[in-house]
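Visitor: I would like to learn how to read a few features of a protein model, taking one at a time. Could you show me the general idea and then the case at hand?

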Amino acid sequence: MQKAADSLFECLDKKSRLGGKICILCGKGNNGGDGYALGVLLLKKGFSVSVVSPELPISPLAIKYRNIFAE
């Protein structure tokens with residue numbers, strides 16, 4: 001998940017203005033965990049991040065990154 005988030009972040013960071021607004025749509029599985037991990041990186045870089053998820057994550061790593069994002 002971290003590798004996927006790092007790759008997405010690199011792409012977004014190059015194409016977005018620092019401090020831009022980002023909305024991430026997350027599912028309940030590992031792909032949702034990728035989204036939460038990306039949200040953590042974007043927050044640390046100064047972006048305004050919203051995550052929308054219709055369900056709570058169920059995979060252990062997705063839960064981990066959701067909790068980190070929520071801190």
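Visitor: In which sense do β1 and β2 pair, and over how many bridges?

Guide: Two strands count as paired if DSSP finds at least two bridges between them, and here β1 and β2 pair in the parallel sense over five bridges. Helices (H or I, at least four residues) and strands (E, at least two) are DSSP runs, numbered from the N terminus. Within this pairing, I22 stands opposite V49 in β2. This is a predicted model, in which local features need pLDDT of at least 70 and side-chain atom pairs count only at pLDDT 80 or more, while totals for chains, interfaces and linings use all residues. Residues are numbered from 1 along each chain as its sequence is written, and side-chain values use heavy atoms, with hydrogens and water left out.

Visitor: Which unit do β1, α2 and β2 make?

Guide: They make a right-handed β-α-β unit; a crossover is right-handed if, with the strands pointing away from the viewer, the path from the first strand over the helix to the second runs clockwise.

Visitor: Which residues of β1 lie on its covered face, and which on its uncovered one?

Guide: In a regular strand the side chains alternate between the two faces of the sheet. In β1 the covered face holds I22 and I24, whereas K21, C23 and L25 form the uncovered one.

Visitor: How many residues has the largest nonpolar core?

Guide: In soluble globular proteins, nonpolar side chains tend to be buried together. A nonpolar core is a set of buried Ala, Val, Leu, Ile, Met, Phe, Trp, Tyr and Cys residues joined through side-chain atoms within 4.5 Å, where buried means under 20% relative accessible area, exposed over 50%, and partly exposed in between (1.4 Å probe, protein chains only). The largest one here has 15 residues, and those with the most contacts inside it are I24, L38, L42 and V49. At least two residues come from each of α1 (2-15), β1 (21-25), α2 (30-44) and α3 (60-70), and α2 gives the most, with six residues. Leaving aside neighbours within four places in sequence, L42 is in contact (heavy atoms within 4.5 Å) with F9, L12, I22, I24, F47 and V49.
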